[in-house]
Amino acid sequence: MAARVSGAAWAAYCITGKKVRHATAATAGNFLMAAPLAALFMLLNRHDVHADSAGVLLAITSGAITSALAYVLWYSLLPRLSSTMASAVQLSVPCLAVLGGVLFMEETLDLHIVVSTVIILGGIGLIGSAEKSRRP
């Protein structure tokens with residue numbers, strides 16, 4: 001159920017994002033609107049939180065800084081993509097996550113991951129070439 005709600009929310013976010021003119025301002029506004037909800041969640045669940053300063057710094061870096069940069073990039077590219085291509089490009093996120101895991105976390109790159117990544121990126125490429133052939 002949560003995955004469906006998350007997927008629907010992401011679809012709505014992308015659809016509304018196609019109309020955004022200033023990616024940085026839109027992303028900052030979205031993060032500012034989400035911050036009170038995140039703070040409320042933390043207050044309600046503070047008894048389950050165990051964090052040290054290094055963990056908090058890593059969470060802020062990962063959750064706010066790098067995510068914000070990724071959203072700014074996505075919002076900047078989104079108006080140039082059709083809805084179909086934008087949906088397909090989203091499928092590359094697991095490939096990027098695996099790449100990050102291999103490069104930065106010493107994750108093992110096995111045949112299963114390589115084949116999966118090739119299939120995903122190949123599918124995205126097929127969608128891109130189909131869209132290109134439809135344009136006059």
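Predicted model: local features only at pLDDT ≥ 70, side-chain atom pairs only at ≥ 80, totals over all residues.
Local features need pLDDT of at least 70, side-chain atom pairs count only at pLDDT 80 or more, and totals for chains, interfaces and linings use all residues. Residues are numbered from 1 along each chain as its sequence is written, and side-chain values use heavy atoms, without hydrogens and water.

The protein has 6 helices and 0 strands. Helices are DSSP runs of H or I with at least four residues, strands runs of E with at least two, numbered from the N terminus. The radius of gyration is 18 Å, well over the 14 Å that the globule rule gives for 136 residues, so the protein is more spread out than a compact globule. That radius is taken over C-alpha atoms, and the rule is 2.2 Å times the number of residues to the power 0.38. The C-alpha atoms fill a box of roughly 55 × 40 × 30 Å along the principal axes.

Of the 136 residues, 14% count as buried (under 20% relative accessible area; exposed is over 50%, partly exposed in between; 1.4 Å probe, protein chains only).

The count of aromatic pairs is 1. The rings of Phe31 and Tyr71 have centres 5.9 Å apart and planes at 70°, so the pair is edge-to-face. Rings of Phe, Tyr and Trp (its six-membered ring) pair with centres within 6.5 Å; planes under 30 degrees apart are stacked, over 60 edge-to-face, the rest tilted. The two residues sit 40 residues apart and link distant parts of the chain.
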